[in-house]
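Subject: Structure handover

Hello,

Please find the structure below, with the sequence alongside. My notes on what was found follow it.

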Amino acid sequence: MKAVVIGASAGLGRALAGCLAEAGHEVMLVARDGRDLDPVARDLSIRFDARVQWLEADLAAPDVAELRTGVLERMGGLDALFMVAGLGDDADAGIMEDVALRRLIDVNLTGPASIINAFLPDLMRNGQSHLVGVGSVAAVRGRSRNMVYGSAKRGLEFYFEALRHRLDGGGCRVQFYRAGFMDTTMLGNERPGPLVVRPEAVARAMVARLGGPSGMAYLPRRWLLAALILRLLPWPLFRRMRR
Amino acid sequence: MTVPARRLFHCLGFGESALGWRESPDRYRFFDRMPQGACIPMGAGLSLAGASFGEGVRSVEMRRFDRILDFDPVQGAITVEAGITLGRLFEFLAPRGWLVAVQPGYPDITVGGCVAGNVHGKNPLAHGCFGRWVTALELAHPAHGRLRLSADERPDLLELTIGGFGLTGWILSVTLRLLPLPGGPVVTEPVKVDSLEQAAEILAVRKDGADLLYSWHDLAMPGRSGAGLVFVGRHLDEPKVAAIPGRCRALDQDRRALPVGVMNRAGIAVLNRMQAWRWRGTKSQDAAAATFPFAANPEYFYLYGRNGFIEHQTLIPWDMAEAYIARLRHLLDRHSVTPGLCVMKPFGGAPCLLRFEGDGLSLAIEVARGRAALALFADLDALDVELGCRANILKDARLPAAAVAAQYSGLETFRSRLLAFDPDRLMQSSLSRRIGL
Ligand SMILES: Cc1cc2nc3c(=O)[nH]c(=O)nc-3n(C[C@H](O)[C@H](O)[C@H](O)COP(=O)(O)OP(=O)(O)OC[C@H]3O[C@@H](n4cnc5c(N)ncnc54)[C@H](O)[C@@H]3O)c2cc1C
Ligand SMILES: NC(=O)c1ccc[n+]([C@@H]2O[C@H](COP(=O)([O-])OP(=O)(O)OC[C@H]3O[C@@H](n4cnc5c(N)ncnc54)[C@H](OP(=O)(O)O)[C@@H]3O)[C@@H](O)[C@H]2O)c1
């Protein structure tokens with residue numbers, strides 16, 4: 001399989017690229033900085049004897065045509081697109097600068113949608129392809145933290161739902177995950193709490209589920225229950241969950 | 001970019017603690033910025049002294065930079081990012097028939113920590129210390145950017161960085177020469193000795209040829225003769241692929257020991273009996289178990305009292321070995337202190353700057369912290385100076401500046417070269433401040 005991983009230089013994306021390379025797939029790593037992508041590509045090629053390349057692109061303002069040409073030229077096609085990159089902001093709790101707010105929406109929603117849109121013809125033509133997106137448990141219910149981030153992730157999830165509807169029966173499997181807390185730099189530098197898992201565990205599950213059901217799922221799975229409770233919590237109780 | 005978190009750091013054994021900041025970056029753009037205030041690189045934080053943290057200092061953890069950048073399976077060379085652990089590296093190398101020549105006994109230790117500490121392995125006489133196997137590295141320093149160091153590029157800075165306690169900046173990547181890994185097991189044959197002196201004699205003559213050479217002693221028995229075992233290990237060359245390390249339990253620097261130390265004289269005597277019995281016969285281990293003996297029993301470190309333990313390792317010129325041992329025995333009795341561990345190893349190489357390296361016999365003791373232990377160690381400092389010995393700076397969390405100054409003729413050179421490279425002294429740790437750097 002030829003897989004493109006957007007956001008492959010760190011955290012979940014890097015772990016996912018590792019699982020894919022280990023399973024013998026060809027991988028194209030995409031993120032903003034070649035200084036981080038190059039070591040990942042070298043490591044995976046050396047350890048798994050896999051074909052791993054990289055391309056720089058910025059989700060905040062992607063040149064999607066260039067990215068698509070780069071991918072197709074170097075890999076000669078693609079079978080899977082993993083939209084993993086995401087951006088959070090500590091200031092995202094009510095009052096933030098306009099540029100920062102727009103950036104959150106660009107990186108988490110506009111950029112991903114525009115890249116998917118560019119690769120859609122290739123994925124549809126393929127006949128047996130995968131489109132996988134990563135959202136967040138922060139998008140379960142609107143809260144006073146991660147307000148814009150959660151909204152953008154919810155928007156991305158909605159787009160994936162629409163894509164699933166559009167691509168149904170056509171051979172492109174669409175999967176979306178609401179990821180729980182993972183031990184990556186996105187969580188900051190505090191000691192990881194009890195709910196935090198290693199990104200490798202989530203990545204392994206994503207690869208294992210590639211042949212599995214389409215649609216939305218929680219990873220780790222136990223977030224399903226937590227999300228259900230959060231969703232159903234009556235307003236008088238929910239409104240107190242403010243920090 | 002993330003905000004560093006406030007954190008109370010301890011070194012293993014609680015010998016040194018400090019309230020500082022912790023940050024764990026994973027992208028190279030981190031090193032583009034000029035940090036505010038003092039920083040120090042951190043590997044796994046497994047040093048026995050406060051080498052990778054300090055009061056108000058920002059500890060920058062390197063563990064997320066852990067990739068393999070280049071591997072030459074023909075010549076036996078590898079380039080890795082400095083945050084990779086010895087265990088992970090072993091997992092990659094062993095099935096391919098290669099081995100890092102010098103490895104301390106715990107798989108979570110990072111390659112960066114090994115370079116900055118110029119650590120030693122199982123036979124420092126035959127294999128030297130870690131720095132001997134480093135052919136090149138990349139360093140990042142806020143005032144200088146990214147620098148390549150090798151025998152041809154800034155060799156002076158390379159010399160300062162190997163055994164430089166992280167004070168020259170962040171080691172980003174390291175190129176190492178490797179040793180072929182024999183396929184067979186490591187067969188260790190214990191030789192019974194009645195005293196430390198007898199072991200020292202054996203270590204002096206059995207120097208070469210062994211892949212593993214050290215002695216272990218019981219100092220709890222009356223008379224403190226130091227009866228024990230000299231371990232001579234050989235790696236058999238059989239066409240079998242070596243095992244990869246099993247899962248090891250993490251050593252927790254923050255975990256307090258048992259409230260009452262088992263490591264009093266009676267407790268130690270019992271433990272020593274058990275150890276001696278366990279180790280009595282010839283032992284055949286796979287390469288992983290022989291490389292990382294501590295991986296199997298991290299609990300050992302929690303047996304000390306709530307104060308934890310302190311270690312003193314000293315490098316004794318061969319002709320002073322007998323005198324040192326006699327004086328040590330006397331001091332142990334005078335302070336009524338019984339070491340929970342006493343290990344000797346023959347050393348080689350040449351002394352340089354602040355490195356724990358050079359011809360001689362290394363003797364390490366570990367004791368439960370307390371007033372008596374501190375008094376004993378103060379006397380050992382004086383003894384070291386008197387007999388021309390040098391203490392391992394990275395292992396002794398209380399070693400005072402005066403002792404370092406008296407024992408290391410390279411201290412002034414180290415200081416002046418460090419100041420010339422970094423006049424603002426951006427990198428600082430509890431250790432660097434304690435020894436007056
Ligand atoms: C169970 C156990 C067994 C041990 N056995 C031995 C042994 O047999 N022989 C021996 O010599 N030592 C031994 N040690 C000590 C250990 O090898 C050293 O203290 C080593 O430096 C620890 O590495 P670390 O990755 O934990 O680094 P840390 O403890 O975090 O840091 C050690 C020093 O290295 C610096 N440093 C770390 N990473 C970098 C980097 N990327 N760039 C620049 N500087 C860096 C830090 O600033 C600090 O000065 C042992 C320790 C334990 C816990
Ligand atoms: N960590 C968590 O606890 C958590 C919880 C729930 C959901 N998630 C979601 O899980 C996904 C992965 O998160 P993570 O924790 O692995 O994040 P991470 O460690 O910060 O990694 C994010 C990756 O995306 C890339 N990226 C960021 N901004 C980009 C941009 N503008 N253009 C291109 N690439 C960009 C990053 O590289 P560069 O920055 O170098 O470009 C990096 O490779 C995200 O969608 C996140 O929202 C995470």
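How many cavities of 30 Å³ or more does the count come to? The count comes to 2. Please keep in mind that this is a predicted model, and that every value in this email was computed from it.

Cavities

The largest cavity holds about 60 Å³ of space. Its lining is made up of Leu12(B), Gly13(B), Phe14(B), Asp252(B), Gln253(B), Arg255(B), Arg256(B), Ala257(B), Phe301(B), Tyr302(B), Gly308(B) and Phe309(B). Sorted by class, that lining has 6 nonpolar, 3 polar and 3 charged residues.

The second largest cavity holds about 50 Å³. Among the residues that line it are Gly117(B), Asn118(B), Phe165(B), Arg355(B) and Leu394(B). Here the classes come to 5 nonpolar, 4 polar and 1 charged.

Ligand 1

There are 34 residues around ligand 1, and those that come nearest are Pro41(B), Gly45(B), Leu46(B), Ser47(B) and Thr110(B). By class, this shell has 21 nonpolar, 11 polar and 2 charged residues.

For Gly105(B), the backbone atom is 3.4 Å from a nitrogen atom of the ligand. For Ile171(B), the distance from the backbone atom to a nitrogen atom of ligand 1 is 2.8 Å.

On its own, ligand 1 has 970 Å² of accessible area, and the protein covers 97% of that. In chain B, the elements that give two or more residues to the shell are strand 3 (39-42), helix 2 (111-117) and strand 10 (170-177).

Ligand 2

Which residues come nearest to ligand 2? Out of 32 residues around it, they are Leu12(A), Tyr149(A), Lys153(A), Thr184(A) and Arg27(B). The site is shared between chains, because the residues that surround ligand 2 come from chains A and B. The shell has 17 nonpolar, 9 polar and 6 charged residues by class.

A side-chain N or O atom of Arg32(A) is 2.7 Å from an oxygen atom of the ligand. A polar atom in the side chain of Lys153(A), one of the nearest residues, also lies 2.7 Å from an oxygen atom of ligand 2. With Ala85(A) the backbone is involved: one of its N or O atoms is 3.3 Å from an oxygen atom of the ligand.

The protein covers 97% of the 880 Å² of accessible area that ligand 2 has on its own. Two or more residues of the shell come from each of these elements of chain A: helix 1 (11-22), helix 4 (98-126), strand 5 (129-136) and helix 5 (147-167). Strand 5 of chain A gives the most, with 3 residues.

One loop, two residues

Chain A has a loop between strand 6 (172-179) and helix 6 (199-208), and Glu190(A) is placed in it. Thr185(A) lies in the loop between strand 6 and helix 6 too.

Is Glu190(A) buried or exposed? With a relative accessibility of 55%, Glu190(A) counts as exposed, since the cut-off for exposed is over 50%. Thr185(A) has a relative accessible area of 11% and is therefore buried, as buried means under 20%.

The side chain of Thr185(A) makes a polar contact of 3.4 Å with the side chain of Asp26(B). As for Glu190(A), its C-alpha is 41 Å from that of Thr69(A), and the two residues are 121 apart in sequence.

A loop in chain B

Ser429(B) sits in the loop between helix 11 (411-421) and helix 12 (430-434) of chain B. Its relative accessible area is 1%, so Ser429(B) is buried. What separates Ser429(B) from Ser52(B) in sequence and in space? The two are 377 residues apart in sequence, while their C-alpha atoms are 6.0 Å apart.

When you open the model, you could start with ligand 2, where residues of chains A and B surround the ligand, and then turn to Thr185(A) and its contact with Asp26(B).

Regards

How values were computed
Residues numbered from 1 in each chain as written. Chains lettered and ligands numbered in written order. Predicted model: local features only at pLDDT ≥ 70, side-chain atom pairs only at ≥ 80, totals over all residues. Heavy atoms only, no water. 1 Å grid on protein atoms, 1.4 Å probe; cavity = no way out; pocket = protein on both sides within 12 Å on 5 of 7 lines; lining within 4 Å. Points joined across faces, edges and corners; volume = space filled by probe spheres on them. Nonpolar A, V, L, I, M, F, W, Y, C, P; charged D, E, K, R; others polar. Near = heavy atom within 4 Å. Polar contact = N/O pair within 3.5 Å; in protein donor to acceptor, adjacent residues only side chain to side chain. Areas by Shrake-Rupley, 256 points an atom, 1.4 Å probe, with all protein chains shown as cover. Helix = DSSP H or I, 4+ residues; strand = E, 2+ residues; numbered from the N terminus. Buried < 20%, exposed > 50% of the residue type's maximum accessible area, 1.4 Å probe, protein only.
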